[in-house]
Amino acid sequence: MPTEDAARITVRQLGIGSSAISAVRPGTRVSLEGPYGVFTDTARTAPKLAIMVAGIGITPVRAFLEDARGGCRRLTPLEV
């Protein structure tokens, strides 16, 4: 559980960035930023959504869509 002076994260080592994170020793001081913006249904101002996501980014988007006003009645997935 995060506190004012500590946080714990779990990283799956898949690429350059996650490999670099796994090399950081426990107890090392680091700086964290983000996320940025407002990603809630209450911040939505339009009745329709266009969302693009890739990889693990689908996780918060799926939760967002499940909780969206009126539900997710029409979904058009695009594979690129």
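The model is predicted. Show the surface next. The accessible surface of the protein chain comes to about 8,100 Å². Carbon and sulfur atoms account for 58% of that area. Now colour by burial. Of the 80 residues in the protein chain, 9% are buried.

**Stop 1: helix α1**

Select residues 16-22. This is helix α1, and Ser18 is found there. Is Ser18 buried or exposed? Ser18 has a relative accessible area of 14%, so it counts as buried, the cut-off being under 20%.

Show side chains around Ser18. Look for the backbone nitrogen of Gly15: a polar atom of the Ser18 side chain lies 2.9 Å from it.

**Stop 2: Gly27**

Move on to Gly27. Gly27 sits in the loop between α1 and α2. Its relative accessibility is 80%, so Gly27 counts as exposed. Gly27 and Ala6 are 21 residues apart along the chain, and 9.6 Å separates their C-alpha atoms.

**Stop 3: Leu49**

Stay in the loop between α1 and α2 and select Leu49, which has its place there. How accessible is Leu49? Its relative accessibility is 40%, so Leu49 counts as partly exposed.

Which residues does Leu49 touch, not counting those up to four places away in sequence? They are Arg44, Phe64 and Leu65. Keep Leu65 selected and draw a line between the two C-alpha atoms. Leu49 and Leu65 are 16 residues apart along the chain, with 9.5 Å between their C-alpha atoms.

**Stop 4: Val53**

Next, select Val53, another stop in the loop between α1 and α2. Val53 has a relative accessible area of 37%, which means it is partly exposed. Val53 touches both, with residues up to four places away in sequence left out of the count.

**Stop 5: a nonpolar patch**

Select Leu49, Ile51, Val53 and Ile58 together. They form a nonpolar patch on the surface. How much accessible area do Leu49, Ile51, Val53 and Ile58 have together? The figure is about 300 Å².

**Stop 6: helix α2**

Finish with helix α2, residues 58-67. Select Val61, Phe64 and Leu65. In α2, these three are buried. Where do they lie around the axis? They cover an arc of only 95°, so they are on the same side of α2.

Methods. Residues numbered from 1 in each chain as written. Predicted model: local features only at pLDDT ≥ 70, side-chain atom pairs only at ≥ 80, totals over all residues. Heavy atoms only, no water. Helix = DSSP H or I, 4+ residues; strand = E, 2+ residues; numbered from the N terminus. Buried < 20%, exposed > 50% of the residue type's maximum accessible area, 1.4 Å probe, protein only. Polar contact = N/O pair within 3.5 Å; in protein donor to acceptor, adjacent residues only side chain to side chain. Patch = residues over 30% accessible without salt bridge, like charges linked within 9 Å, V, L, I, M, F, W, Y side chains within 5 Å. Areas by Shrake-Rupley, 256 points an atom, 1.4 Å probe, with all protein chains shown as cover. Salt bridge = Lys/Arg side-chain N within 4 Å of Asp/Glu carboxyl O. Arc of directions from axis to C-beta. Contact = heavy atoms within 4.5 Å.
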